[in-house]
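Subject: Handover of the protein model

Hello,

Here is the structure I promised to pass on. Please open it next to this message and follow along.

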Amino acid sequence: MKVLFLTSSPGYGHTRAAEAIDLALRNRYPDIETQCLDVTHLLDEDVSAAVKDGYLRMTAEHPELYQKLYDMDKDLYRQLAGKTPPDKELVEFLTEQQHRWYPDVNEHSLFSFANSYKNLDSALINTLINGICYRPRFPAGRLVLQGLLGLVYSILASRLKNYVTSYGPDLLVATQMYPNALLSRSIQKGVITQPIIGVPTDYGAHGVWVRDTTHLYCVGHERVAQSLIEQGVSAGRIQVTGIPLMPAFENPPSQARARQNLGLDDRPTILITGGQCGIGTLDAVRQLVLDESRPYRVLVTASNSLGGQSELEYLARINPDRFRLYSWTDDMVSLLRAADVVVGKPGGLTVSETLACGRPFIATCCLGGQEAHNVQFLKEHGAGLRVELPDLPGALHTLFDNPDELRQMKKRAEQQGHRYAAKTVVTQIENLEREKRIGRWQRHSAQE
């Protein structure tokens with residue numbers, strides 16, 4: 001059997017979930033062939049980097065704009081399609097992003113594919129940006145923009161279709177919504193005949209996930225299943241499996257063993273994490289390390305791409321007894337189990353790993369969109385909080401001053417964890433393959 005995993009960056013959680021399913025498949029079927037494709041790699045390298053950088057900048061510096069994009073705000077999409085003049089914030093963001101990656105491009109190159117672009121992708125993205133930003137100056141710009149948006153979608157969909165056709169997998173597993181959507185036309189036309197499994201990696205289901213062409217959805221919780229049903233997906237196409245995690249989360253160590261492994265004592269311990277990009281990490285650390293009213297131990301997992309890495313290293317040197325800095329790729333299971341509480345950015349995988357380790361999560365940096373779903377899930381199930389940074393020390397004081405409540409939060413968190421989700425997804429894959437074999441046998445019998 002050949003399985004192709006489809007992801008999209010930025011957002012390492014999508015890839016991490018695919019890796020977890022891949023490992024579970026390989027453990028059960030050592031001879032299986034698998035491959036993982038980040039669909040942004042179908043773009044020119046510079047364009048791909050510009051898009052990823054733009055996503056991170058938008059989430060960190062323009063959260064309201066990002067929320068509108070995520071919500072498919074009709075007014076924003078009318079601006080992108082050239083039907084209405086763009087807002088100042090949108091123009092400023094796109095112009096600045098363009099200058100960061102294509103400093104030689106200006107309004108005079110509007111709709112000019114003969115400009116000094118090195119390839120089609122760079123010509124398309126710059127023409128699209130210019131068309132949005134300078135649309136009021138060009139009466140025909142609206143028609144061109146609408147055509148461009150359709151062309152960009154068609155090109156990406158065609159490249160993905162060609163990749164799938166060339167690789168020839170037996171099954172497709174999408175852990176991000178855009179690859180799932182890009183394949184829908186090819187499946188409808190019968191060009192792609194392999195079944196596709198959608199695996200959302202958050203605690204909410206965006207409308208882009210909803211496709212008649214998706215054979216099965218493996219979701220993290222009943223609330224995600226209900227959301228899909230409300231959007232028209234039949235219950236028979238949904239299985240609640242949990243969000244896939246790496247094998248180490250299946251049997252995490254006790255807190256005592258985890259602390260022993262890390263050389264830690266038994267004082268109250270907080271883990272701060274900002275995901276792959278380290279968003280919000282430094283701000284949270286400043287709040288706690290500079291608060292000397294409580295003897296908390298603070299553990300931090302920091303991304304190599306974090307801009308404040310030098311300051312974190314400095315704080316670790318001058319506070320060796322209270323503050324320890326770890327690489328983002330270090331043993332997350334031991335770090336999570338050693339902690340009493342986890343603080344940071346509520347990405348889907350981070351929240352899932354935290355729950356699997358039975359730890360409450362305090363979100364101090366929520367990017368909106370899918371992370372808003374994750375925060376709401378934590379609050380609904382009493383397994384976490386949303387706290388503004390200035391209020392973080394007080395919230396932690398309250399929690400540690402009420403040990404019974406902290407124990408209950410840990411218990412509720414563990415109840416929501418799905419340690420064996422990856423294996424459960426593999427079981428669904430096996431069921432799907434069994435259905436395919438039965439279907440082939442029935443068709444063969446009918447022909448005889």
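This is a predicted model: local features need pLDDT of at least 70, side-chain atom pairs count only at pLDDT 80 or more; totals for chains, interfaces and linings use all residues.

Residues are numbered from 1 along each chain as its sequence is written, and side-chain values use heavy atoms, leaving out hydrogens and water.

**Overall**

The protein has 19 helices and twelve strands. Both are DSSP runs, numbered from the N terminus: helices are H or I with at least four residues, strands are E with at least two. The radius of gyration is 24 Å, close to the 22 Å that the globule rule gives for 448 residues, so the protein is as compact as a globular protein of that length. That radius is taken over C-alpha atoms, and the rule is 2.2 Å times the number of residues to the power 0.38. Along the principal axes, the C-alpha atoms fill a box of roughly 70 × 65 × 35 Å.

Of the 448 residues, 54% count as buried. Buried means under 20% relative accessible area, exposed means over 50%, and partly exposed lies in between, with a 1.4 Å probe and protein chains only. The accessible surface is about 20,100 Å², and carbon and sulfur atoms hold 50% of it. These areas come from the Shrake-Rupley method with a 1.4 Å probe; for residues, only the protein chains shown count as cover.

Contact means heavy atoms within 4.5 Å. Take the contacts between residues at least 6 apart in sequence: 69% of them join residues at least 24 apart.

There are 48 positive and 51 negative side chains, and the centres of the two sets lie 4 Å apart. Lys and Arg count as positive, Asp and Glu as negative; His and the chain ends are not counted. Each charge is placed at NZ of Lys, CZ of Arg, CG of Asp or CD of Glu.

Two strands pair if DSSP finds at least two bridges between them. Strand β7 covers residues 269-273, and five of its five residues are buried. β7 runs parallel to β8 (residues 297-302), joined by five bridges. Here Ile270 has Val298 of β8 as its bridge partner. β7 also pairs with β10 in the parallel sense, over four bridges. On that side, Ile272 stands opposite Val343, and Thr273 is partnered with Gly344.

β10 (residues 341-344) in turn pairs with β11 (residues 361-363), again parallel, over three bridges. Val343 stands opposite Ile362 there.

Now look at the side chains. In a regular strand they alternate between the two faces of the sheet. In β7, Thr269, Leu271 and Thr273 point one way, Ile270 and Ile272 the other, and all are buried. In β10, Val341 and Val343 point one way, Val342 and Gly344 the other, and all are buried too.

**Helix α17**

What do the buried residues of α17 pack against? They pack against β7, β10 and β11, and also against helices α12 (281-289) and α18 (403-416). α17 spans residues 392-400, and seven of its nine residues are buried. The buried set is Leu392, Pro393, Ala395, Leu396, His397, Leu399 and Phe400.

**Strands β1 and β2**

β1 (residues 2-7) is mostly covered, with five of its six residues buried. Six bridges join β1 to β2 (residues 33-38), and the two run parallel. Leu4 has Gln35 of β2 as its bridge partner.

**Two loop residues**

Val233 sits in the loop between α10 (222-230) and β6 (238-240). Its relative accessibility is 3%, so Val233 counts as buried. Leaving aside residues up to four places away in sequence, Val233 touches Val210, Tyr217, Leu228 and Ile238. Val233 and Glu313 are 80 residues apart along the chain, and their C-alpha atoms are separated by 49 Å.

Thr213 is in the loop between β4 (196-198) and β5 (216-219). Is Thr213 buried or exposed? At 14% relative accessibility, Thr213 counts as buried. Again leaving aside residues up to four places away in sequence, Thr213 touches Ser184, Ile187, Gln188 and Ile196. Thr213 and Arg185 are 28 residues apart in sequence and 8.5 Å apart in space, C-alpha to C-alpha.

Best wishes
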